[in-house]
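Student: Please take one part of this model and walk me through it closely. I would like to start with how the strands pair.

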Amino acid sequence: MRQLIACLALSATVLASPALADDPAACAKPRFSDVGWTDITATTAIAEVILKGLGYKPNITVLSVAVTFEALKNGDQDVFLGNWMPVQEPTQVPLVKDGKIDIVTTNLSGARIGFAVPKAAYDAGLKTYADIARFKDQLGGKLYGIEAGSSANATIAKMIQSNAFGLGGFSLVESSEQAMLAQVKREIGQGKPIVFFGWRPHPMNVNLPIAYLEKGDDVFGPNDGGATVVTLTRSGYAKACPNIGRLLSNLVFDVATEDKLMSNILDDKMQADQAASAWMKAHPDVLARWLDGVTTLDGKPGLAAVRAQIGL
């Protein structure tokens with residue numbers, strides 16, 4: 001009888017304990033691609049801090065968009081939180097259709113991409129895409145994009161090649177996000193117009209007096225560049241690593257959150273992981289949603305572990 005009672009007690013203890021994590025040891029070091037845009041750096045840092053709290057050892061590599069898609073397709077990277085749609089649609093859709101990469105979730109809605117100009121230039125009449133050609137001399141015949149190989153630059157180059165909106169005589173200036181915005185600040189400081197690739201969320205929308213051009217014939221997507229951001233993985237990753245897959249499905253952000261994180265990184269010069277930890281510590285309620293159904297690598301409650309990781 002005593003043995004039976006002991007067995008029943010042991011069974012009850014096992015049933016009451018958290019289920020062991022489904023992720024095998026091979027999932028312990030998830031590989032993330034960060035394309036160097038501050039919004040993606042910020043959200044990737046949130047994933048990094050959470051995963052460290054869960055006992056994983058995430059590895060983050062800065063790669064271009066083109067290399068990121070190739071790495072996901074080849075299985076050299078596991079996760080990408082920065083698939084901007086529809087601007088990256090030409091690259092993403094064929095790979096998804098062929099089963100080379102997987103869509104996990106839309107992690108951000110309410111975003112926007114497209115040409116932006118200083119507010120002074122907008123007020124002076126540079127309000128639509130069709131107005132750009134009229135300001136060619138003042139603009140020096142230049143359109144400012146981001147890093148080489150990006151889908152945004154490909155879209156701008158196509159506009160120039162097809163002479164859309166009379167842009168055939170313009171040239172595309174490719175550079176990093178930081179270099180482009182430094183140029184924008186210089187032009188604004190000198191009272192000069194500049195046409196550049198802008199997006200939201202980003203502190204530029206708060207820190208700089210800018211406006212987005214209208215009537216773009218949806219070249220950057222419907223509703224003059226209305227956009228969403230999607231989480232991608234290499235093919236079969238969420239099935240192979242279901243605990244991380246559940247976390248990735250739960251990681252959904254908003255524009256205000258990303259604006260704040262990006263400002264902390266760009267304006268306050270915080271390291272991305274420090275900004276992520278500080279934001280989560282100031283907004284602990286979101287952790288319950290993000291960690292719903294998620295455990296540590298060794299099967300313990302995920303929420304408690306992450307709270308401890310960030311000092312709550």
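Tutor: Start at asparagine 83, which sits across from valine 230 of strand β9. Keep in mind that this is a predicted model. The strand β3 covers residues 79-85, and β9 covers residues 226-234. The two run antiparallel, joined by five bridges. Now turn to β4, residues 101-118. Strand β4 also pairs with β9 in the antiparallel sense, here over eight bridges. In that pairing, isoleucine 101 is opposite arginine 234 of β9. In a regular strand, side chains alternate between the two faces of the sheet.

Next, the disulfide. The structure has one. Cysteine 27 is joined to cysteine 241, with 2.0 Å from S to S. The link ties distant parts of the chain, 214 residues apart. Cysteine 27 lies in the loop between α1 (2-16) and β1 (31-34). Cysteine 241 lies in the loop between α11 (237-240) and α12 (242-250). The torsion about the S-S bond is about -85°, so this disulfide is left-handed.

Last, a helix pair. Helix α2 (residues 38-53) packs with helix α16 (residues 302-309) at about 110°, and their axes are 8 Å apart. Angles of 65 to 115 degrees count as roughly perpendicular, so α2 and α16 are roughly perpendicular to each other. Their crossing is right-handed. From α2, the contact uses Val49, Ile50, Lys52 and Gly53. From α16, Ala305, Val306 and Gln309 meet them. By type, the contact residues are four nonpolar, two polar and one charged.

How values were computed: Residues numbered from 1 in each chain as written. Predicted model: local features only at pLDDT ≥ 70, side-chain atom pairs only at ≥ 80, totals over all residues. Heavy atoms only, no water. Pairing = 2+ DSSP bridges. Helix = DSSP H or I, 4+ residues; strand = E, 2+ residues; numbered from the N terminus. Axes fitted to C-alpha atoms, helices over the stretch in contact; angles between N-to-C directions. Parallel < 35°, antiparallel > 145°, perpendicular 65-115°, else oblique. Left-handed = near helix turned anticlockwise from the far one by under 90°. Contact = heavy atoms within 4.5 Å. Nonpolar A, V, L, I, M, F, W, Y, C, P; charged D, E, K, R; others polar. Disulfide = S-S within 2.5 Å.
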